[in-house]
Amino acid sequence: MIRCVSCGAEYDDDEVIYTCEKCGSVLELVSDIDVSKDIFDGRRDTLWKFKECIPVDESKIVSLDEGGTPFCKCDKLGEELGVNLYVKVEGSNPTGSFKDRGMTVGMTKAMELGVSTVGCASTGNTSASLAAYAARAGSRCIVFLPSGKVALGKLAQAMFHGAEVMSINGNFDEALEAMTALALEKHLYLLNSINPYRLEGQKTIGYEILRDLDWQSPDRIILPVGNAGNISAIWKGVSEFYNAGFVKDLPMMTGIQAEGACPVTNAFRKGDRRVVPVENPETIATAIRIGAPVSDIKALNAIYDSNGYSETVSDEEILDAQKLLARTEGIGVEPASAASIAGLKKLVDQGVIDKGETITCVVTGHLLKDPNTAIDACTKPTEVDADIDTLRKLLMNK
Ligand code: F0G
């Protein structure tokens, strides 16, 4: 069953519907978990090990073996910050971001519904992922990208997997508005995170974190927030497993935004449950360069209901954290993902996070998604002949 998060109106699972017809709010799937957690043991470690908890037709699954991502204990960085730190590395998914979890479920639903064309607007990763899953399913794929604001790796993926790519003269919010209008005219099936089936895939990040901690909840989950789907999805996941009795506690959901694109943090600071859109969002973390997040209600509910928090970080703090994670722990992430680490650092400094807390930072996309920003942050390699004497001198002088 699909239910409106605001007025509770109910819709059938097979209705192609993105927002509530009665009040216009966002929708969610209502799923009951009536299995024992032991059922997951011994299965291959992909998202579909949780298939009983994902409300789609198993015979239609479109998958690239997503999920089951690394859960790295980060002792060096954790010690530096005085917390017990784990990093959930979503860049290890097939197309290099957490979006694959949403797309495997979203494309499976598309197959179930028998649609032939899928589409999304994207800051990059959603389009890269959708292009790959649409190729695997044999569907036509249309993506709208904000012109000049999509990192190179993501653009390459969307184009290479054969999506029809439109470079929109406008920002992500405007591209999404246009894409949504076309979806409502039934030209395509919309696979942005307003589609509640996307979040049914992404909620498995929450499942896995609890499983990875041997069926315990971390004190806190920290992640970057853009369109606000992922924080909502992870909260749904951990809540479902909590309600099923698989864990005794719930984590404080902590959403980090870039200073130049922070409608959710602004709302949190005022105690509101809806955002006031930011007109011209700007940040080096192009993945989260979003001013009007569609899942604002769900995200703010998640933050308030979990006794969580929201904070902003500057572009400089993001780039510093990206390098810190790469050079202290060997985990390479794109700028948006590093917002979670930057946020952790800031909230420890502010005393919002207590020393000794068990923290899971979700890092959402791979370093190679945005090679330009990575190269710009480094000193150029020295050009030198393959002459051993010269090389020895150079190395010894370091
Ligand atoms: N991190 C990365 C790497 C992302 O690509 C995104 C969103 C987010 C975090 C934020 O997640 O939107 O669920 O709050 N990227 C979308 C896209 C908007 O089009 O790829 P969110």
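Colleague: Into how many nonpolar, polar and charged residues does the lining of the largest pocket divide?

Modeller: This is a predicted model, in which local features need pLDDT of at least 70, side-chain atom pairs count only at pLDDT 80 or more, and totals for chains, interfaces and linings use all residues. Residues are numbered from 1 along each chain as its sequence is written, and side-chain values use heavy atoms, with hydrogens and water left out. If Ala, Val, Leu, Ile, Met, Phe, Trp, Tyr, Cys and Pro count as nonpolar, Asp, Glu, Lys and Arg as charged, and the others, Gly among them, as polar, the lining divides into nine nonpolar, five polar and seven charged.

Colleague: Which element gives the most to the lining of the largest pocket?

Modeller: The pocket has a volume of about 400 Å³, a volume being the space filled by probe spheres set on the grid points, which are joined across faces, edges and corners. With seven residues, the most comes from helix 8.

Colleague: How much space lies in the largest cavity?

Modeller: A cavity is a set of grid points where a 1.4 Å probe fits but cannot get out, and the structure holds two of them of 30 Å³ or more. The second largest cavity, with Ile2, Glu15 and Tyr197 among its lining residues, has about 40 Å³ of space. In the largest cavity, the space comes to about 330 Å³.

Colleague: Which helix supplies the largest share of the lining of the largest cavity?

Modeller: Of the 30 lining residues, the closest to the centre of this cavity are Phe98, Lys99, Asn227, Ala287 and Ile288, and the whole lining divides into 11 nonpolar, 16 polar and three charged residues. At least two residues each are supplied by helix 3 (125-137), helix 6 (196-202), helix 8 (229-243) and helix 12 (335-349). The largest share, three residues, is that of helix 8.

Colleague: Where do the residues of the UniProt "binding site" annotation sit, given that they span 240 residues in sequence?

Modeller: The annotation, from an unreviewed entry, covers Asn125, Gly226, Asn227, Ala228, Gly229, Asn230 and Thr364; such annotations, whose positions follow the numbering used here and whose feature names are shortened, may be inferred rather than shown by experiment. No two of their C-alpha atoms are more than 14.4 Å apart despite that sequence span, so they gather at one spot. Asn125, Gly226, Asn227, Ala228, Gly229, Asn230 and Thr364 are taken in by the lining of the largest cavity.

Colleague: Why is one side of strand 8 and of strand 9 left without a neighbour in the sheet?

Modeller: These strands belong to an open sheet of four, ordered 8-7-6-9 with parallel pairing, where two strands pair if DSSP finds at least two bridges between them. Within it, strand 6 (residues 117-121) and strand 7 (residues 140-146) pair over five bridges, and valine 118 stands opposite cysteine 141 in strand 7. Strand 8 (164-168) and strand 9 (189-190) lack a neighbour on one side because they stand at the edges, each with a single partner strand.

Colleague: Which strands are the edge strands of the open sheet of six strands?

Modeller: This sheet has the order 4-5-13-10-11-12 with mixed pairing; within it, strand 10 (residues 220-224) and strand 13 (residues 358-363) pair in the parallel sense over three bridges, and isoleucine 221 stands opposite threonine 360 in strand 13. Pairing on one side only is found for strand 4 (71-73) and strand 12 (309-313).

Colleague: How far apart do the end C-alpha atoms of residues 62-365 lie?

Modeller: UniProt, in an unreviewed entry, places the feature "domain: Tryptophan synthase beta chain-like PALP" at these residues. The span is 45% helix and 17% strand, and its end C-alpha atoms lie apart by 21 Å.

How values were computed. On a 1 Å grid over the protein atoms alone, a cavity is a set of points where a 1.4 Å probe fits but cannot get out, and a pocket is an open set with protein on both sides within 12 Å along at least five of seven lines; lining residues have an atom within 4 Å of a point.
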